[in-house]
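Here is a short tour for anyone meeting this structure for the first time. Have a look at it, and then we'll go through it piece by piece.

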Amino acid sequence: MSRVPLPQMPSRLPDLESERRLLEIRREAEETGAVKAAGTVLTGAPFPKMTPATGYYGIPLLKQPQWKKEVPLYFFVGGAAGASAVVASVADLLTTNERLVTNARWLAATGGMLSAAFLTKDLGVPSRFLHMLRVFKLQSPMNVGAWTLTVFSTFSAAAAFANQIRQELDATPIHVIENLSGMAAAATGLAMASYTGVLIGATAVPVWNRNIGTLPPHFAASGMNSSVSLLELLGHTDSRALNILGLASSAYECLEGAKLESARTRVNEPLRRGASGLMVRIGGLLSGPLPLAFRLAYALTGKRNLRRMAASSSLAGSLLTRLGWIQAGRASANDHRLPLELPEQVA
Amino acid sequence: MLRELLLSWPVIKQIQTGGDGTGPEAMSQRTLTLRPRTAETRVARSICPYCGVGCGQLIFHKDNKLISIEGDPESPISRGRLCPKGADSYELLTHPQRELKVKYRRPFASDWEDLELETAMDMIAERVWESRATTFVEQKDGQTLMQTKAIGHLGGATLDNEENYLIKKLFTGGLEKNERDGRAFKCTFCSDRQQAGLIPACAKACPTESIKFGDLQELRSEAQARIKELNAQGIQDAVIYDPLDTSVKGIHAFFLVRGDPAMYNLPPRPEVPTRYLKKGWTSAALAAGAMLGATLLAFLGEKR
């Protein structure tokens with residue numbers, strides 16, 4: 001039985017020569033927009049550049065944060081409410097200023113309820129808030145935050161109502177309920193004011209992620225600043241302690257601002273440039289140097305209007321700071337060069 | 001006249017050129033002027049629309065008409081090859097029997113009618129949603145079930161990749177099909193096949209050998225061998241993207257790409273976002289402590 005030899009089939013593997021020719025065709029097309037030598041004409045040239053300098057056609061690597069206005073508002077309201085709970089319990093413990101305690105307790109309670117409302121609105125479907133409480137996950141700042149908010153809003157409301165009842169009916173059990181609830185609210189209030197910094201710091205957005213160490217005290221100081229300011233606007237312009245707290249938090253905000261301005265890193269660029277930069281900078285000015293100056297002037301002259309001005313400025317600054325940081329996150333996520341470690345674009 | 005006729009006779013040419021009768025002298029005028037159908041066409045680079053491998057295709061076209069679709073030899077993924085389905089993409093687009101309208105047969109009707117795509121999509125969505133809403137069983141005998149038995153799909157061995165993909169995605173992922181425990185799996189690495197000593201079907205079926213299954217270290221050395229092969233062919237910019245020395249500790253896949261991986265939005269050092277979590281909580285605890293301390297100090301000075 002004779003075997004018929006199989007014909008030699010040309011290999012389908014591209015050889016070096018054809019690879020080279022294709023590279024040439026491509027290069028010529030990229031440069032001139034047409035190919036003259038070959039029998040085929042490349043269309044679509046000049047091609048969009050996909051080079052190490054531009055990344056993947058300049059398409060952002062990260063997705064932008066999808067949060068709407070509710071989340072920065074929650075950061076602002078939750079921070080002020082948390083700090084108010086601390087002020088309420090400490091004032092109750094160390095002073096006899098009943099009106100201050102009552103106002104601070106109600107600020108905390110109202111803020112806690114508003115916070116829950118904002119967060120529920122952000123989730124879209126109310127039952128999702130309950131789903132967040134199915135488990136406790138220490139590794140998830142969002143879950144820790146949901147639990148904190150739940151405990152905080154419950155106990156701050158309990159403390160406020162107990163305080164109200166106590167004014168009608170002075171009995172020991174009511175005292176105990178108010179004090180215990182107040183302390184629980186103060187303890188979780190400390191977390192309410194600071195955890196939001198960890199929350200955004202634990203995301204892939206570079207400007208938040210790299211600032212995870214500075215964000216919690218920044219937000220905590222901002223929360224204390226707005227709590228003091230709200231209490232002053234409610235008429236507590238005679239409390240020396242509130243002015244000291246206002247001075248301290250404004251001074252910290254000055255430090256924070258100076259730090260952000262001096263650390264000219266690329267990752268912090270959204271905090272200086274564009275709309276987000278403007279918001280963060282004006283927010284810093286309104287909650288740092290400006291109220292600090294007003295409060296120092298009050299300490300010298302004793303004019304209470306100066307404190308009201310400091311308070312209004314601080315409140316606006318605190319809100320703007322939160323909005324600015326969220327906006328900065330959007331800008332940061334949009335910059336594909338940062339995670340790809342590409343050189344800065346030459347303007 | 002006679003001279004021209006004589007000269008067109010191949011044997012005359014053969015005598016003139018001294019060929020063996022199988023060379024150009026044997027060719028007719030028509031054969032001599034034959035050109036490939038891709039000649040004088042324009043070319044666009046594209047990616048095969050079928051599976052997730054993404055083999056390179058060259059789309060040849062002329063006067064806004066498709067002429068041919070071929071494998072792209074420059075693609076580092078497929079090296080000019082296409083599987084039978086990819087190689088027939090031309091027919092996929094140009095076949096006269098290709099359906100361009102959605103066909104619908106009403107209940108008890110004997111004929112098909114055409115539907116607008118939008119209408120059909122709405123009808124399908126409505127029916128799926130309604131069936132799921134009315135028949136979904138969450139609990140049975142005190143056990144979590146999460147299933148519906150009201151949606152089915154009739155298929156056979158001739159289903160193509162796309163249909164299988166849809167069934168897999170919609171019926172397991174989107175509609176919670178698993179009848180025993182309600183869990184959804186997108187890919188089990190073909191655990192049934194593996195138990196029988198076979199490799200996963202996708203890796204087995206991939207004609208371009210782009211989907212591979214095996215020992216990770218072996219696959220890594222295979223990739224290294226491929227880099228060497230490409231280097232020998234003069235392609236010096238081929239690299240393997242496989243970040244291991246970062247907090248993500250590998251991305252559960254690695255890619256062979258040409259040029260800087262950043263060109264494909266692959267970051268050189270991907271990190272898990274929670275890597276600074278401890279630092280964040282420490283800082284939050286310090287902030288909380290400072291806040292409490294400051295408040296205590298401030299109110300200590302307050303007149304009682």
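## Around A108(A)

Let's start with A108(A). Setting aside neighbours within four places in sequence, A108(A) is in contact with A81(A), S84(A), A85(A), A88(A), S156(A), A160(A), A185(A) and G189(A). Here, two residues are in contact if their C-beta atoms, placed from the backbone, lie within 7 Å.

A quick note on the ground rules: this is a predicted model, in which local features need pLDDT of at least 70 and side-chain atom pairs count only at pLDDT 80 or more, while totals for chains, interfaces and linings use all residues. Residues are numbered from 1 along each chain as its sequence is written, and chains are lettered from A and ligands numbered from 1 in the order in which they are written.

## The nonpolar core

A108(A) also turns up in the largest nonpolar core, which has 88 residues; A104(A), A108(A), L245(A) and M291(B) are the ones with the most contacts inside it. Helix 2 of chain A (residues 70-94) gives this core its largest share, 15 residues. Domain 1 (66-202) and domain 2 (225-337) of chain A both contribute residues, so the core lies between them. Those domain bounds come from an automatic or database domain assignment.

What counts as such a core? It is a set of buried Ala, Val, Leu, Ile, Met, Phe, Trp, Tyr and Cys residues joined through C-beta atoms within 7 Å. A residue is buried if 20 or more other C-beta atoms lie within 10 Å of its own, exposed if 12 or fewer, and partly exposed in between, with C-beta atoms placed from the backbone.

## Chain A and its helices

Chain A comes to 13 helices and 1 strand. Helices (H or I, at least four residues) and strands (E, at least two) are DSSP runs, numbered from the N terminus. Of the 347 residues in chain A, 47% are buried. Among its contacts with a separation of 6 or more, 73% are between residues 24 or more positions apart.

Helix 2 of chain A is mostly covered, with 22 of its 25 residues buried. At 1.5 Å a residue, those 25 residues should span 36 Å, and the end C-alpha atoms are 36 Å apart, which agrees. (The expected span is 1.5 Å times one less than the number of residues.) Over in helix 9 (residues 240-262) of chain A sits L255(A), which is partly exposed, with 14 other C-beta atoms within 10 Å.

## Chain B and where it meets chain A

Chain B has 11 helices and 9 strands, and 13% of its 304 residues count as buried. How many residues of chain B are in contact with chain A? There are 46, and they touch 58 residues of chain A. Helix 11 (277-300) and strand 1 (42-47) of chain B each supply at least two residues of that side, and helix 11 gives the largest share, 18 residues.

By type, the side of chain B that touches chain A divides into 26 nonpolar, 11 polar and 9 charged residues. In this count Ala, Val, Leu, Ile, Met, Phe, Trp, Tyr, Cys and Pro are nonpolar, Asp, Glu, Lys and Arg are charged, and the others, Gly among them, are polar.

## Two loop residues in chain B

E40(B) lies in the loop between helix 3 (29-32) and strand 1 of chain B. Its phi is near 55°, a positive value in a residue other than glycine. D63(B), in the loop between strand 2 (56-62) and strand 3 (65-71) of chain B, has a positive phi too, near 50°. Are these two buried or exposed? E40(B) is partly exposed, with 13 other C-beta atoms within 10 Å, while D63(B) counts as exposed, with 7 C-beta neighbours inside 10 Å.
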